[in-house]
Amino acid sequence: MLSPNDEMPPLLRDMPETTSFNKLRKRLLREVRAAVDDFKMVTPGDRWLVCLSGGKDSFTMLALLTELQWRGVLPVELVACNLDQGQPNFPATILPEFLSKHKVPHRIEYQDTYSIVVDKVPSTRTYCSLCSRLRRGHLYRIAREENCQAVILGHHRDDILETFFLSLFHGGKLATMPPKLVNDEGDLLLMRPLSYVAEKDCEKFAKDMNFPIIPCDLCGSQDGLQRQNVKQLINSWEKNNPNRRAVMFNALTNINASHMLDHDLFDFGGLDIPRK
């Protein structure tokens, strides 16, 4: 069990020493390390821009990556980055004060994308899609300016599973958030080291760590989001069949192309039987 000491990064010194938290922390570290290894995310010496929204997921990711780096199993530089997008009532001082207090290398960037989104998106539509695209563009720019090779996002297992069903139900395709990809320009990696981590575990970890969580509803009511509907559907499946999330997520890692219908992925025309 870890105890506070001067050798640990300041971000990790106030961790609870309870048995339950220690078990949770160790499991999350294993899951993050497994994702990093499985998807070959690390090139030693790289510099990672760790995107910090102020939500439970990004705080949890920053802490876990910091510990893995401190333990010597994540040989990269970490730079935390928050993009203040000008949402009404955004508490602009919380993250700079938190990161400075814990001596986390960081960059705070202000870009009023909120005004653009409100101007372009009708009031009857949700802001999330355009907001995300604008945010991503600025993060890529910041990563280049900071000489980073990778942009690190805090999407977890549940985000990936929900995105799969959104693509299935509304996009007519089998696709989701990949743990690792290259941007369209080909000069940056986009990676999600929390890909194996459950949302409920992020929530418990962040609560136990007493992180100063910033809510994600600052831009106003976004009721009726398709993602929320999918989340509720998955929750109902999980309630009736415990562990259903894990089973469905495992299916995303165990795809049999010959038993699907995409002829671009499998050569059905090449299948035949011996003939006399």
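Predicted model: local features only at pLDDT ≥ 70, side-chain atom pairs only at ≥ 80, totals over all residues.
Helix α2 covers residues 56–70, where a helix is a DSSP run of H or I of at least four residues, numbered from the N terminus. At 1.5 Å a residue, its 15 residues should span 21 Å, and its end C-alpha atoms are 21 Å apart, which agrees. The expected span here is 1.5 Å times one less than the number of residues. Residues are numbered from 1 along each chain as its sequence is written, and side-chain values use heavy atoms, with hydrogens and water left out.

Of the 15 residues of α2, 13 are buried, that is, under 20% relative accessible area with a 1.4 Å probe and protein chains only; over 50% is exposed, and in between is partly exposed. After α2 comes G72, with a positive phi near 85°.

I turn now to helix α1, residues 19–38. K40, which follows α1, has a positive phi near 50°. Among the buried residues of α1 are F21, L24, L28 and V32.

What covers these buried residues? Both α2 and α7 are included in the cover.

Consider α2 as a partner. The axes of α1 and α2 are 10 Å apart and the angle is about 80°; axes are lines fitted to C-alpha atoms, for helices over the stretch in contact, and angles run from 0 to 180 degrees between N-to-C directions. The two helices are therefore roughly perpendicular, the class for 65 to 115 degrees; under 35 is roughly parallel, over 145 roughly antiparallel, and the rest oblique. In this contact (heavy atoms within 4.5 Å), R25, L28, L29, V32 and R33 of α1 meet T60, L64, L65, E67 and L68 of α2.

The other partner is α7, residues 199–209. The axes of α1 and α7 come within 11 Å and cross at roughly 130°, which makes α1 oblique to α7. On the α1 side the residues are F21, L24, R25, R27 and L28, and they meet D201, K204, F205, D208 and M209 in α7.

Finally, S129 lies in helix α5, residues 128–145. S129 is partly exposed, at a relative accessible area of 46%. From L11, S129 is 118 residues away in sequence and 32 Å away in space, C-alpha to C-alpha.
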